[in-house]
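Open the model in your viewer and keep the selection tool ready. We will go from stop to stop, picking residues as we go.

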Amino acid sequence: MNKKTRMGVFVSGSGSNLQALIDAKIPSVEIVVVVSNNPDAYAIERAKKNKIPVEVIDHRNYSSREDFEREIQKRLDQYKVDLIALAGFMRILTPLFIRNYKNRIMNLHPALLPSFPGTNAVKQALMYGVKFTGCTVHFVDEGVDTGPIILQAVVPIYDTDTEESLLERIHKEEHRIYPEAVRLFGEGKLRIEGRRVLVSE
Ligand code: GRF
């Protein structure tokens with residue numbers, strides 16, 4: 001087998017998607033570090049339980065986004081990270097950082113992009129009244145939730161849904177498609193042509 005992809009997972013909160021990535025045990029990908037900007041994120045416990053190194057870089061200790069990212073970059077270099085998976089990471093990355101990892105940062109969004117980008121996507125979909133929403137794994141470009149789409153999954157919205165019940169069903173799909181997208185990357189099966197990501201299985 002070729003060299004394993006060395007992945008860093010960026011988190012800020014619960015980390016259920018980090019857990020899904022750990023549990024998937026993807027043969028071609030190794031999670032070499034978990035980066036959290038939030039010292040209290042539950043995701044940190046999940047990483048520790050699985051003996052994955054954790055780097056807590058609290059953005060509040062840096063006077064600018066650039067300084068914060070310089071620190072992230074320094075730590076990533078130590079782990080020789082070649083893929084970044086954002087998994088509930090609540091900070092916006094600057095174009096400079098994104099350019100350094102061109103087509104090597106993935107994000108997960110709890111809606112069918114390009115519908116409902118930004119924050120509160122689940123609530124936005126519910127309030128809008130769409131009958132289907134879902135989740136999207138995409139490469140990160142310089143916009144907010146605008147990068148080339150890798151995988152999506154559709155989730156129906158029922159009349160009885162609350163934000164919580166809908167989120168629970170979206171999470172189920174997220175936990176399935178995020179590891180799948182990472183596996184495809186690790187196996188070299190993703191090819192980007194303009195806005196399209198072609199999958200060769
Ligand atoms: C997910 O719903 C993801 O779509 C969004 O943030 C949430 C993270 O959840 N970007 P978790 O921390 O992985 O449980």
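Select Thr 136 and show what surrounds it. Leaving aside neighbours within four places in sequence, Thr 136 is in contact (heavy atoms within 4.5 Å) with Asn 107, Leu 108, His 109, Ala 111, Leu 112, Leu 113, Ile 149, Leu 151, Gln 152 and Ile 177. Thr 136 belongs to strand β6, residues 132-139. Helices (H or I, at least four residues) and strands (E, at least two) are DSSP runs, numbered from the N terminus. Is Thr 136 buried or exposed? Thr 136 counts as buried, because its relative accessibility is 0%. Buried means under 20% relative accessible area, exposed means over 50%, and partly exposed lies in between (1.4 Å probe, protein chains only). Now look for the backbone nitrogen of Leu 113: the side chain of Thr 136 reaches it at 3.1 Å.

A word on what you are looking at. This is a predicted model, where local features need pLDDT of at least 70 and side-chain atom pairs count only at pLDDT 80 or more, while totals for chains, interfaces and linings use all residues. Residues are numbered from 1 along each chain as its sequence is written, and side-chain values use heavy atoms, with hydrogens and water left out.

**Stop two: Asp 161**

Select Asp 161, in the loop between β7 (149-156) and α6 (163-186). Asp 161 counts as buried, because its relative accessibility is 11%. Which side chain joins Asp 161 in a polar contact of 2.6 Å? That is the side chain of Ser 165. A polar contact is a pair of N or O atoms within 3.5 Å; within protein, one must be able to donate a hydrogen and the other to accept it, and residues adjacent in sequence count only if both atoms are side-chain atoms.

Asp 161 forms a salt bridge with Arg 169, with the closest N and O atoms 2.7 Å apart. A salt bridge is a side-chain nitrogen of Lys or Arg within 4 Å of a carboxyl oxygen of Asp or Glu. Arg 169 is partly exposed, at 22% relative accessible area. Beyond four places in sequence, Asp 161 also touches Leu 126, Pro 156 and Leu 166, among others.

How many salt bridges does the structure hold? There are 15. Pick Lys 3 and Asp 82, whose closest N and O atoms are 3.2 Å apart in one of these bridges. Lys 3 lies in the segment before β1 and Asp 82 in the loop between α3 (65-79) and β4, so the pair ties together parts that are 79 residues apart in sequence. Lys 3 counts as exposed, at 62% relative accessibility.

Next, select Lys 189 and Glu 201. Their side chains meet in a salt bridge of 3.0 Å, N to O. Lys 189 sits in the loop between α6 and β8 (190-193), and Glu 201 in the segment after β9 (196-199), so this pair ties together parts 12 residues apart in sequence. Lys 189 is partly exposed, at 21%; Glu 201 is exposed, at 62%. Now widen the selection: Glu 180, Arg 183, Glu 187, Lys 189 and Glu 201 are linked in a network of salt bridges.

**Stop four: helix α1**

Colour α1, of which 7 of 9 residues are buried. The buried ones are Ser 16, Asn 17, Leu 18, Gln 19, Ala 20, Leu 21 and Ile 22. What do they pack against? Show β1, β2 (29-36), α2 (42-49), β4, β5 (105-109) and α6. After α1 comes Lys 25, whose phi is positive, near 45°.

**Last stop: where the domains meet**

Colour domain 1 (1-101) and domain 2 (107-201) separately. These bounds come from an automatic or database domain assignment. Over C-alpha atoms, the two centres are 20 Å apart. The contact takes 18 residues from domain 1 and 16 residues from domain 2.

The area buried between the domains is about 1,400 Å², with 70% from carbon and sulfur atoms. Buried area is the accessible area (1.4 Å probe) that two parts lose on being put together, summed over both. Finish by selecting Glu 142 and Arg 99, whose side chains meet in a salt bridge of 3.2 Å, N to O.
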